[in-house]
Amino acid sequence: MGERLFITPEYITAQEIKRVRMAMGLTQKEFAALINASKASVERWERSKDSITGPICLLIKMLDQFPEYVANVRVPEKTMPVRLWYMHN
């Protein structure tokens, strides 16, 4: 392999994923929706004894450093429904 150009981690552990998820106050299902993965993947990562590699490493590092990002992408609750009346003539 060549010279490392970035300081992103090569791998993460199950404890790191769980720590970040719990710090954000998300369930496994909500966390899976946030990172666009399946709930089964999140479950498998969190009980894995092996090193976890791939794009999730960078995403976990970013969520760990910028937890406010979750609030920016969360869809707000509807407070008032919108009703439209369509009329012809």
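Glu46 lies in helix α3, helices being DSSP runs of H or I with at least four residues, numbered from the N terminus. With a relative accessible area of 14%, Glu46 is buried; buried means under 20% relative accessible area, exposed over 50% and partly exposed in between, with a 1.4 Å probe and protein chains only. The side chains of Glu46 and Gln28 are joined by a polar contact of 2.7 Å. A polar contact is a pair of N or O atoms within 3.5 Å; within protein, one must be able to donate a hydrogen and the other to accept it, and residues adjacent in sequence count only if both atoms are side-chain atoms. Apart from neighbours within four places in sequence, Glu46 is in contact (heavy atoms within 4.5 Å) with Ala14, Ile17, Lys18, Arg21 and Gln28.

The model is predicted: local features need pLDDT of at least 70, side-chain atom pairs count only at pLDDT 80 or more, and totals for chains, interfaces and linings use all residues. Residues are numbered from 1 along each chain as its sequence is written, and side-chain values use heavy atoms, with hydrogens and water left out.

## Arg21

Arg21 belongs to helix α1 (residues 14-24) and counts as buried at 7% relative accessibility. Its side chain reaches the backbone oxygen of Leu26 at 2.9 Å. Leaving aside neighbours within four places in sequence, Arg21 is in contact with Leu26, Thr27, Gln28, Phe31 and Glu46.

## Packing of α1 and α2

The axes of α1 and α2 are 10 Å apart, and the two helices pack at an angle of about 100°. Axes are lines fitted to C-alpha atoms, for helices over the stretch in contact, and angles run from 0 to 180 degrees between N-to-C directions. The two helices are therefore roughly perpendicular to each other, a class that spans 65 to 115 degrees, whereas angles under 35 count as roughly parallel, over 145 as roughly antiparallel and the rest as oblique.

Ile17, Arg21 and Met24 of α1 meet Gln28, Phe31 and Leu34 of α2. By class, this contact has four nonpolar, one polar and one charged residues. Here Ala, Val, Leu, Ile, Met, Phe, Trp, Tyr, Cys and Pro count as nonpolar, Asp, Glu, Lys and Arg as charged, and the others, Gly among them, as polar.

## Packing of α2 and α4

Helix α2 (residues 28-35) and helix α4 (residues 55-65) have axes that come within 12 Å and cross at roughly 110°. That makes α2 roughly perpendicular to α4. Phe31, Leu34 and Ile35 of α2 make the contact with Ile56, Leu59, Ile60 and Leu63 of α4. By class, it has seven nonpolar, no polar and no charged residues.

## Buried faces

In α2, the buried residues are Phe31, Ala32 and Ile35. They cover an arc of only 100° around the axis, which puts them on the same side of α2; the arc is that of the directions from the helix axis to the C-beta atoms. Lys29 and Ala33 are exposed on the other side of α2. The cover over the buried residues of α2 includes α1, α3 (39-47) and α4.

In α4, the buried residues are Ile56, Cys57, Ile60 and Leu63. Their arc of only 135° around the axis puts them on the same side of α4.
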